[in-house]
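Let's walk through this structure together, one piece at a time. Have the model open beside you as you read.

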Amino acid sequence: MIELYYWPTPNGHKITMFLEEAGVDYTIHPLNISAGDQFKLELLAFSPNNRMPAIIDRDPVDGGEPVTVFKSGAILLYLAEKTGRFLPADIRSRKVVIEWLFWQIGGLGPMAGQNHHFGTYAPEKIPYAIDRYVKETNRLYGVLDRRLAARPFLTGEEYSIADMASYPWIVPWKRQQQELDKFSNLRRWFDIIRQRPGTQRAYAKGEPFSAQPTVTDESKKLLFGQTAASVSET
């Protein structure tokens, strides 16, 4: 059994997508990040970065004590290795999947995240920042589009954790001020993944939490105003 500490953000959706695709039993512990749940001591015990998602594997393959994992990329790798799913065994194909997983973790996620922040949440609209991240998001869409020109999925013929990592960051393409139809290969890939039953089940798991109140001025202080000192006081 996997215990998943979760909220329906792009990084949270990555993990439910894997768990649904692989048919792994799991239970969700919702963490309302707008209410500051990510700073609870229960989570900090094994997610020291004050972020979700994080997991506890109560049935690790070595039969030992429960295993905890934080950071979405690390969780995807751990689950892929645990189940033998969505990560090739041969060294060359595995290398490619890990490259594109790290590309999302280090590029698409942070840049699209800043796009969301300055375009939606920032208390003042800073044209330079908005333009910077909209353009960089656009560049990254182009990287994906070129990559998908000759293959159905990011790393070849098989769906992998690299696809699961990237897809949720394309879902909010309108908020990112992008036109998905201008990237025909990316659009095809996006539609294929959107129609997968595992993807649909994963997003359905987040719907009850998505109905919670939207981000308020007070919650923005929790989401965007933390320092080392303020976290240590919680």
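Predicted model: local features only at pLDDT ≥ 70, side-chain atom pairs only at ≥ 80, totals over all residues.

Is Gln114 buried, exposed or partly exposed? With a relative accessibility of 31%, Gln114 counts as partly exposed, because that value falls between the 20% limit for buried and the 50% limit for exposed residues. From here you can look across to Leu154, 40 residues away along the chain; the C-alpha atoms of Gln114 and Leu154 are 23 Å apart.

Now turn to helix α1, residues 10-22. Its 13 residues should span 18 Å at 1.5 Å a residue, and the C-alpha atoms at its ends lie 19 Å apart, which agrees. Helix α1 is mostly covered, with twelve of its 13 residues buried. Among the buried ones are Pro10, Gly12, Ile15, Leu19 and Ala22, and the charged residues Lys14, Glu20 and Glu21 are buried in α1 as well. Just past the end of the helix, Gly23 adopts a positive phi of about 70°.

What covers this helix? Part of the picture comes from its helix neighbours. Two packed helices are described by the angle between their axes and the distance between the axes. For α1 and α6 (residues 161-170), the axes come within 8 Å and cross at roughly 140°. That angle makes α1 oblique to α6, and the crossing is right-handed. On the α1 side, the contact is made by Pro10, Asn11, His13, Lys14, Met17, Phe18 and Glu21, while α6 contributes Ile161, Met164, Ala165, Tyr167, Pro168 and Trp169. Sorted by class, this contact has nine nonpolar, two polar and two charged residues.

By class, the contact of α1 with α8 has three nonpolar, four polar and four charged residues.

Helix α3, residues 72-83, is the next stop; at 1.5 Å a residue, its twelve residues should span 16 Å, and its end C-alpha atoms are 16 Å apart, which agrees. The buried residues of α3 are Ser72, Gly73, Ile75, Leu76, Leu77, Tyr78, Leu79 and Ala80. They pack against the strands β1, β3 and β4 and the helices α1, α4 and α6. Just after α3 comes Gly84, with a positive phi of about 70°.

Finally, let's look at some backbone details in the loops. Most residues other than glycine have a negative phi, and most peptide bonds are trans. Which residues depart from this pattern? In the loop between α2 and β3, Asn50 has a positive phi near 60°; at 11% relative accessibility, Asn50 counts as buried. Pro53 has its place in the loop between α2 and β3 too, and a cis peptide bond with omega of about 5° joins Met52 to Pro53. In the loop between α6 and α7, Gln177 also has a positive phi near 60°, but Gln177 is partly exposed, with a relative accessible area of 48%.

Technical notes: Residues numbered from 1 in each chain as written. Heavy atoms only, no water. Axes fitted to C-alpha atoms, helices over the stretch in contact; angles between N-to-C directions. Helix = DSSP H or I, 4+ residues; strand = E, 2+ residues; numbered from the N terminus. Parallel < 35°, antiparallel > 145°, perpendicular 65-115°, else oblique. Left-handed = near helix turned anticlockwise from the far one by under 90°. Contact = heavy atoms within 4.5 Å. Expected span 1.5 Å × (residues − 1). Buried < 20%, exposed > 50% of the residue type's maximum accessible area, 1.4 Å probe, protein only.
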